[in-house]
Amino acid sequence: MEMPKNQNLRIERFDYRLTFAKKGRARYISHLDLMRTMQRAIKRAGVPIWYTQGFNPHAYLMFPLALPLGTDSEVELLDIALIENWDYEKLVQQLNKSMPEGLYFVKAAEPKMKHTEIAYAEYEIEASFDKPSAQAFELFKSFINCETIEIEKRVKPKKGKKATFKTIDIKPNLTILGLEIRDDKVWVNLRLPAGTEMNLNTGSLIDAFCMQNNVQLQDIYTKRTKILCKNGENFT
């Protein structure tokens with residue numbers, strides 16, 4: 001069997017953890033399309049990316065935590081590897097020259113923590129419903145104070161099987177950090193589990209609220225503000 005040409009190469013590798021923003025229209029780019037966008041932008045920027053070895057070499061890009069579609073953020077993470085040692089500021093500036101509208105890098109640093117240490121993410125939500133803001137606020141306040149908050153969560157199917165759903169109680173995993181009326185909308189600051197062990201998004205919570213209280217969502221803006229480790233330390 002013919003061996004790949006790069007099988008025995010030992011190219012020096014330099015690892016970087018990039019923090020980037022995904023805002024405006026860019027927040028509607030799916031995670032798969034985001035991966036393609038980043039690959040093209042890095043290639044256009046002329047950054048010397050490190051490629052995996054073997055029969056199917058590809059540029060090393062790793063997103064530790066996917067962002068829910070439609071969510072703004074300035075704390076998103078991308079791990080890359082280069083074949084040259086670049087200054088952090090130079091790397092950010094060079095990459096930003098080729099980034100599309102709504103996507104830009106904030107900083108670069110050395111990766112110090114493993115992806116498996118991610119445990120929580122914090123969000124801000126501004127939402128309006130088909131009820132006056134004061135009434136919607138009281139309904140949401142009662143909703144989050146319930147003993148249980150049940151949602152339908154998709155269960156990853158086994159090979160050859162169809163996906164199924166199970167009902168879970170997310171109340172033990174939900175932390176409300178702030179709740180008030182802002183600009184005639186219900187504003188919520190909350191923390192949800194994220195990472196490899198358990199991952200919940202804001203959409204499940206809002207859907208459960210609307211269903212339980214028979215209200216219709218009219219407008220919503222969601223922003224991820226922090227990615228945290230198990231000990232509460234900021235991962236970024």
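Mentor: Before we start on this predicted model, recall that a residue counts as buried under 20% relative accessible area, as exposed over 50%, and as partly exposed in between.

Trainee: What distance separates the C-alpha atoms of Arg 182 and Tyr 104?

Mentor: Along the chain, Arg 182 and Tyr 104 lie 78 residues apart.

Trainee: How are helix α3 and helix α4 oriented where they pack?

Mentor: Helix α3 (residues 133-144) packs with helix α4 (residues 202-213), their axes being 11 Å apart and the angle about 105°. Because angles of 65 to 115 degrees fall into one class, α3 is, relative to α4, roughly perpendicular.

Trainee: How many charged residues does the contact of α3 with α4 have?

Mentor: On the α3 side the contact is made by Ala 136, Leu 139, Phe 140 and Phe 143, while α4 contributes residues including Leu 205, Phe 209 and Gln 212. By class, eight residues of this contact are nonpolar and two are polar, and the number of charged ones is no residues.

Trainee: Which residue of β10 is the bridge partner of Glu 122?

Mentor: Strand β5 (residues 118-129) is largely enclosed by the rest of the structure, because nine of its twelve residues are buried. Eight bridges join β5 to the antiparallel strand β9, and eleven join β5 to β10, also running antiparallel. Within β10, the bridge partner of Glu 122 is Lys 226.

Note on methods: Residues are numbered from 1 along each chain as its sequence is written. This is a predicted model: local features need pLDDT of at least 70, side-chain atom pairs count only at pLDDT 80 or more; totals for chains, interfaces and linings use all residues. Side-chain values use heavy atoms; hydrogens and water are left out. Axes are lines fitted to C-alpha atoms, for helices over the stretch in contact, and angles run from 0 to 180 degrees between N-to-C directions. Helices (H or I, at least four residues) and strands (E, at least two) are DSSP runs, numbered from the N terminus. Angles under 35 degrees count as roughly parallel, over 145 as roughly antiparallel, 65 to 115 as roughly perpendicular and the rest as oblique. Contact means heavy atoms within 4.5 Å. Ala, Val, Leu, Ile, Met, Phe, Trp, Tyr, Cys and Pro count as nonpolar, Asp, Glu, Lys and Arg as charged, and the others, Gly among them, as polar. Buried means under 20% relative accessible area, exposed over 50%, partly exposed in between (1.4 Å probe, protein chains only). Two strands pair if DSSP finds at least two bridges between them.
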